[in-house]
Amino acid sequence: QVQLVESGGGLVQPGGSLRLSCAANGSISSINTMGWYRQAPGKQRELVAVITFGGSTNYAGSVKGRFTISRDNAKNTGSLQMSSLKPEDTAVYYCNAFGRKISGSYFNSWGQGTQVTVSS
């Protein structure tokens, strides 16, 4: 079983910054992609950003230029640096990881979610 543990959410004023972190634990051989998704009340979960093992990134248009995704392959950790936050960024943010376990089987795991609230 591969578990993801998230941290770093909270309340921030518009224009402020937050950094989310995600640590993957378990019998991991490699993590192909790590991503961050978010779900606002009454809305579907949406992709925020994703990063491959090689460091290629992709961002939702609404966060491009404001958010930066990164990862540490050696530590099986990832992070999302969020700047110039807007009230519409308010949501529960989820970390996702897809990869291969030591046993050879694949995994697709989700974190428990962390609340980000942008409000004055």
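A residue counts as buried when its relative accessible area is under 20%, as exposed when that area is over 50%, and as partly exposed in between. The legends below use these words for a predicted model.

**View 1**
D89 has a relative accessibility of 1%, and because buried means under 20%, D89 counts as buried. Side chains of opposite charge can pair when their charged atoms come close. D89 forms a salt bridge with R38, in which the closest N and O atoms are 3.0 Å apart. R38 lies in strand 4, whereas D89 lies in the loop between strand 8 and strand 9 (91-101), so this pair ties together parts of the chain that are 51 residues apart in sequence. Both partners, R38 and D89, are buried. A salt bridge also joins the side chains of D89 and R66, with 2.8 Å from N to O. This second pair again links distant parts of the chain, since R66 sits in the loop between strand 6 (57-59) and strand 7, 23 residues apart from D89. R66 is buried too, with a relative accessible area of 12%.

The side chains of R38 and E46 come together in a salt bridge, with 2.7 Å from N to O. Which of these two residues is buried, and which is partly exposed? R38 has a relative accessible area of 5% and is therefore buried, whereas E46, at 37% relative accessibility, counts as partly exposed. The structure holds three salt bridges, and R38, E46, R66 and D89 are linked in a network of such bridges.

**View 1. The largest pocket has charged residues in its lining.**
The largest pocket has a volume of about 200 Å³. Its lining is made up of 14 residues, and those that lie nearest the centre of the pocket are R38, A40, K43, E46 and E88. By class, the lining of the largest pocket divides into seven charged, four polar and three nonpolar residues.

E6 belongs to strand 1, which covers residues 3-7. Although E6 is buried, it has no salt bridge, and the nearest side chain of opposite charge, that of R45, is 7.8 Å away. A salt bridge needs a side-chain nitrogen of Lys or Arg within 4 Å of a carboxyl oxygen of Asp or Glu. Which backbone nitrogens lie by the side chain of E6? The side chain of E6 reaches the backbone nitrogen of C95 at 2.7 Å, and a polar atom of this side chain lies 3.1 Å from the backbone nitrogen of G113.

The structure holds one cavity of 30 Å³ or more, and the volume of the largest cavity is about 30 Å³. Among the residues that line this cavity are C22, M34, W36, I51, S70, G78 and C95. Strand 4 (28-39), strand 7 (67-72) and strand 8 (77-82) each supply at least two residues of the lining, and strand 4 gives the largest share, three residues. By class, the lining of the largest cavity has six nonpolar and four polar residues, and no charged ones.

Definitions and conventions. Residues numbered from 1 in each chain as written. Predicted model: local features only at pLDDT ≥ 70, side-chain atom pairs only at ≥ 80, totals over all residues. Heavy atoms only, no water. 1 Å grid on protein atoms, 1.4 Å probe; cavity = no way out; pocket = protein on both sides within 12 Å on 5 of 7 lines; lining within 4 Å. Points joined across faces, edges and corners; volume = space filled by probe spheres on them. Helix = DSSP H or I, 4+ residues; strand = E, 2+ residues; numbered from the N terminus. Nonpolar A, V, L, I, M, F, W, Y, C, P; charged D, E, K, R; others polar. Buried < 20%, exposed > 50% of the residue type's maximum accessible area, 1.4 Å probe, protein only. Lys, Arg positive; Asp, Glu negative; His and termini not counted. Polar contact = N/O pair within 3.5 Å; in protein donor to acceptor, adjacent residues only side chain to side chain.
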